[in-house]
2 protein chains.
Amino acid sequence: MQRTTKQRTAILAALGRQEDFRTAQQIHEDLRAAGDPVALATVYRNLQALASAGDVDVLTTDDGEAIYRQCEQAAHHHHLVCRECGRTVEFQAPQMEQWAEQIAAEHGFTDIDHTMEVFGLCPEHSAR
Amino acid sequence: MQRTTKQRTAILAALGRQEDFRTAQQIHEDLRAAGDPVALATVYRNLQALASAGDVDVLTTDDGEAIYRQCEQAAHHHHLVCRECGRTVEFQAPQMEQWAEQIAAEHGFTDIDHTMEVFGLCPEHSAR
DNA sequence: ATATGTGCAAATGCTTTGCAACGCC
DNA sequence: GGCGTTGCAAAGCATTTGCACATAT
């Protein structure tokens, strides 16, 4: 029950040729530029589906915008994102996971989940 | 140039009598309930001011809503939030900060900033 | 055939802004 | 009195939804 439509294919292709995190609207624009226009609503619907299927990573920027990117790693991981160009490096942080777990336990919290993202300026966009 | 108006005072009072993170709209509602109605726009404007002055913490939920809370600690810190009732514990993670810094440096990123929040169920809302 | 997916436009929901009235300093 | 502040209503934006039409299986 997940059909292979040309729009879905186009969206996956667009994600594939992009290394960085992009907003739904940017992806919509990318598609238009690539000559495969897809309705914005469709982009949103598919991105949502892909995200809940775990096929793409979703992050929420500080101003509440969702940004999407094709996963590189299947395992749980974090991101180091350039706040200027969106360039991204994925990394893992086993020690940290463990540590979060511990702090939570200390306070009697269970069923833990956490987020950790690092934003900065990549070499090419470093100030001065 | 930051005047002491009754609305600003009321907002601070509302924040003071709340332990958990609240959305701007909830705060607006709290004020109305407390008999000190303040225009929603004013709530937003003040919350913004307080946040950039570092007097309140702002978090962005996954669905892109901003939630506010009076700071307990002046220093940089993180939150352990109950996803059921909003109950919050603040904690620091010096080792982690340091570690994030290091990872960023390894990839040539500068001007680092990071987010880390832990969500879970507090003792009172632990499943079964 | 038929359940799904798509496009379009209207509807949401949070947040921001323009502007005239208002009230600290 | 002057300038930051407020209220209100309108504007903005990203995202969602209703619905008729198209389409993969």
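DNA strand D is surrounded by 23 residues, the closest being A:Tyr44, B:Gln2, B:Thr5, B:Thr42 and B:Arg45; a residue is near a strand if one of its heavy atoms lies within 4 Å of it. Of the atoms of DNA strand D that come within 4 Å of the protein, 66% are sugar and phosphate. This is a predicted model: local features need pLDDT of at least 70, side-chain atom pairs count only at pLDDT 80 or more, and totals for chains, interfaces and linings use all residues. Residues are numbered from 1 along each chain as its sequence is written, chains are lettered from A and ligands numbered from 1 in the order in which they are written, and side-chain values use heavy atoms, with hydrogens and water left out.

**DNA strand D**

- A polar side-chain atom of A:Tyr44 sits 2.4 Å from a phosphate oxygen of DNA strand D. This is scored as a polar contact (a pair of N or O atoms within 3.5 Å; within protein, one must be able to donate a hydrogen and the other to accept it, and residues adjacent in sequence count only if both atoms are side-chain atoms).
- The side chain of A:Thr4 places an N or O atom 3.4 Å from a phosphate oxygen of DNA strand D.
- Two or more residues each come from helix 2 (24-33) and helix 3 of chain A, and from helix 1 (6-16) and helix 3 of chain B. Helices (H or I, at least four residues) and strands (E, at least two) are DSSP runs, numbered from the N terminus.
- Helix 3 of chain A gives the most to this surface, with five residues.
- The surface near DNA strand D has nine nonpolar, eight polar and six charged residues. Ala, Val, Leu, Ile, Met, Phe, Trp, Tyr, Cys and Pro count as nonpolar, Asp, Glu, Lys and Arg as charged, and the others, Gly among them, as polar.

**DNA strand C**

- 22 residues surround DNA strand C; the closest are A:Arg3, A:Thr5, A:Thr42, B:Arg3 and B:Tyr44.
- Sugar or phosphate holds 63% of the atoms of DNA strand C within 4 Å of the protein, and bases hold the rest.
- The side chain of B:Arg3 has an N or O atom 2.3 Å from a base nitrogen of DNA strand C.
- Phosphate oxygens of DNA strand C lie 2.6 Å from a side-chain N or O atom of A:Thr5 and 2.9 Å from one of B:Gln48.
- Helix 3 of chain B supplies the largest share of the surface near DNA strand C, five residues.

**Chain B against chain A**

- Contact means heavy atoms within 4.5 Å.
- Each chain is listed with 37 residues in the contact.
- About 3,000 Å² is buried between chain B and chain A, with 63% from carbon and sulfur atoms. Buried area is the accessible area (1.4 Å probe) that two parts lose on being put together, summed over both.
- B:Trp99, B:Phe109 and B:Thr115 lose the most area in chain B, together 21% of what that side buries.
- Six residue pairs are in polar contact between chain B and chain A (both at pLDDT 80 or more).
- Strand 6 of chain B gives the largest share of the side that touches chain A, 12 residues.
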